[in-house]
Structure formats: C-alpha cells, structure tokens
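Student: Could you take me through one part of this model in detail? I would like to see how a single residue sits in its surroundings.

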Amino acid sequence: MGPLRSVVLCGGGTGGHIYPLLAFADCLRRHDPGVRITCLGTPKGLENELIPPHGYDLRQIPAYQLPRSVNLNLVRTPDRMWKAARAAGKVIEEVRADVVVGFGGYVSVPGYLAAWRRELPIVIHEVNVPPGVANRMGMKFTKNVAVGFPHQPAQAEALRDARVVGVPLRRGISGLDRTAMRSAARAHFGLRPDLPVLFVAGGSQGARSINLAVSGAAKELARNGVQVLHVIGARNEPVPVPTDLPVPYVTLPYLSEMELGYAAADLMLARGGAMTCAEVAAIGLPTIYVPYPHSNQEQKRNALPVVQAGGGLLVDDAELTPDWLERTVIPLVRDPQRLAAMSHTAAAYGRRDGDEALLRFVYEAVNR
C-alpha cells in the first residue's frame, strides 16, 4: 500500500457524522504524520466547533438541505448543488486529494459530486438504517461503501454489498479500560467509590423525557444506594433534583470526555444514537436504551441487536417513568453477576478497531 498524500473528509451537521470523521482523521495521522487532511464543512454546522480544535483544516463550502419530496426546492437543487460542488472541487484540486471519504450530512454531497467529476476514489461510511439521504445520493457514484454494524447489510437493500468495518472511535474510548479507570473517574465527579453508579446521557442535546424520569426516581434510587451521574444536555432546562439525598446525584450540562462517564458507570441509560451504541458496546457497558420516538425508528434498530444478544435493555420513551426505573434499575445495578454477563455480551458484539478497519478499506479503494 503506497502512502496517502492528501485525503478530503466530508461529514457535518451532527456529532454522529463528525465524531467518526475525527476518529478516522486521528487514525490517518497516527499511520502517517505527513498526510494532508482537509475537512469540508458548512458555515452553520457543529463541525465548526469540533474540527478546528482538533487541529484539522476545515474548509467551508455552501451546502443545502436535500429535499425529501418533489417540490420547488427540488427544482432549485441542481443549480445550488453544482454551486456547492464547484466550491468542493476547488478545495479538492488545491489540496491534490487522493480520495474523498464521506460520513454523511448535507456537506458530503458536494464532496461526492466533485470527486466523481474528477474520477477520484470515493469511500462512504454509513451507520444508520436506512442510510441517510446524503449517503444514499453518494452511493450512485461509488461502490466503496462501509458500514458500522453487522445488522445494516441485512436490513437495507442499498447496503447489501457494504463492508462491515465498525465505527471509528476516539482512542480515549476504544482504548478504555473501565475497571482500571473506575476509581479515578468516580473521584473526578465526586462520586463514592463503594456504591453503584447509573450514568445518564441523552445524546449531545440531551433528552427531556429521560431527564424528567430519572430526576423523578432520584429519591428512591438514592434510598437504595444508587448514585447518579446525569448529563442533562446543554440545551435542556436544569432538572429538579432533591437536595437532601443520602448519596451523590451529580448533574452536568455537557460532558466532552465521555470516557470518564463510561468508566465511572456500572449501568448506563441512553438514547440509541449510532455513536452511543458503538461506544458502549465496544467498551462493554451494560445499557438501557430509550430510542428517540419521533423518527423513522433508526435508534431502535441501532440498539436492538445488542439488546437481543443480551448486552442491554430496551424501553419505549412513553414507558420510561420513575416507577419503571425504580423497578428495573435498582435490582439490575445491584446484581454484579448479571451486569458482568451483560458487559461480556456487549463487548463481544462491539468493535474497538473501526478506525483501522476503515483505513484498510480506504487503501483498497485507492489501490483499485
């Protein structure tokens, strides 16, 4: 395999597209510190907050939301899209890219179009079923499609021939030893070392229904010696937590170092976003999944395989009440044998090498 001299990465809008992009960029740099890495983004996307602090070159191009139905926007889309593709093409030519690797989000489409016009190899990484609209469009230009989970090719015709590589994860997570870090992580949050911990996080934006259910169960959890580490979400209202609890209940608006939360926890309560599912399975953290209800059920599909294997539990958002949590969490978190079995099953399903496997796939695509 000859070295890659210049790689353009596309992925923006949400953390689910940007975090795997960053993990893959780190993997590229580990293998070859001299490789040129250029990321395409839009002026408004979350990528502006996440990519530059990691030291990667972010180039902004105009990107437009793709319409999901036939309307006036669809008529205007080709003109807008070619404008965005021309901007992406200028970047690709300037950095003399060897390959374009896309992780989804609207910014990926101009990158795919520009690479296709220049007959450059395109590699797509997809974590959802059904595939996102941007990656679906990209699949018209390339057969080099990689996916994060083994259930995806079976569930989506468009992904039938995709390569299962896993999800690129940050080294802080893929290399995490929960047992070794537990004491330090609990001390970091002011949690006691001798009592079980429920870690609650509803994704980067938080989840109001989860927040209210857990705070509603706070007294009963505490009375049974269950500590709570609760990431509320930066855009959510603070939750009312009783002040006179006998054990710690720690709330945070946001946690950038999720590995510390994972290390402190015996059990997690979370949504079913693809990144969350990939991370907690890889590190073997037993998890109760509460899929986001207002969508096409992709979060439920993300969580179901590991739950069916025995590595987690699934509850509908509408059924998540303080009473359900008290009946479910308290006996589970105080049963070390059951937690150990769930942890072992989750870890067997998860993968820690998604970044390396995707890199091998990219080399194959370039050398074809």
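Tutor: Happy to! Leaving aside neighbours within four places in sequence, Tyr262 is in contact (heavy atoms within 4.5 Å) with Ile173, Leu176, Arg178, Phe199, Met268, Glu279, Val280, Ile283 and Leu285. A word on the source: this is a predicted model, where local features need pLDDT of at least 70, side-chain atom pairs count only at pLDDT 80 or more, and totals for chains, interfaces and linings use all residues. Residues are numbered from 1 along each chain as its sequence is written, and side-chain values use heavy atoms, leaving out hydrogens and water.

Tyr262 is also among the residues with the most contacts inside the largest nonpolar core, together with Phe149, Phe189, Phe199, Leu229 and Met268. Such a core is a set of buried Ala, Val, Leu, Ile, Met, Phe, Trp, Tyr and Cys residues joined through side-chain atoms within 4.5 Å, buried being under 20% relative accessible area with a 1.4 Å probe, protein chains only. The core has 40 residues, and its largest share, seven, comes from helix α12 (residues 274-282). At least three residues come from each of domain 1 (6-169 + 352-367) and domain 2 (172-349), with bounds from an automatic or database domain assignment.

Pairing takes at least two DSSP bridges; helices (H or I, at least four residues) and strands (E, at least two) are DSSP runs, numbered from the N terminus.

Methods: Buried means under 20% relative accessible area, exposed over 50%, partly exposed in between (1.4 Å probe, protein chains only).
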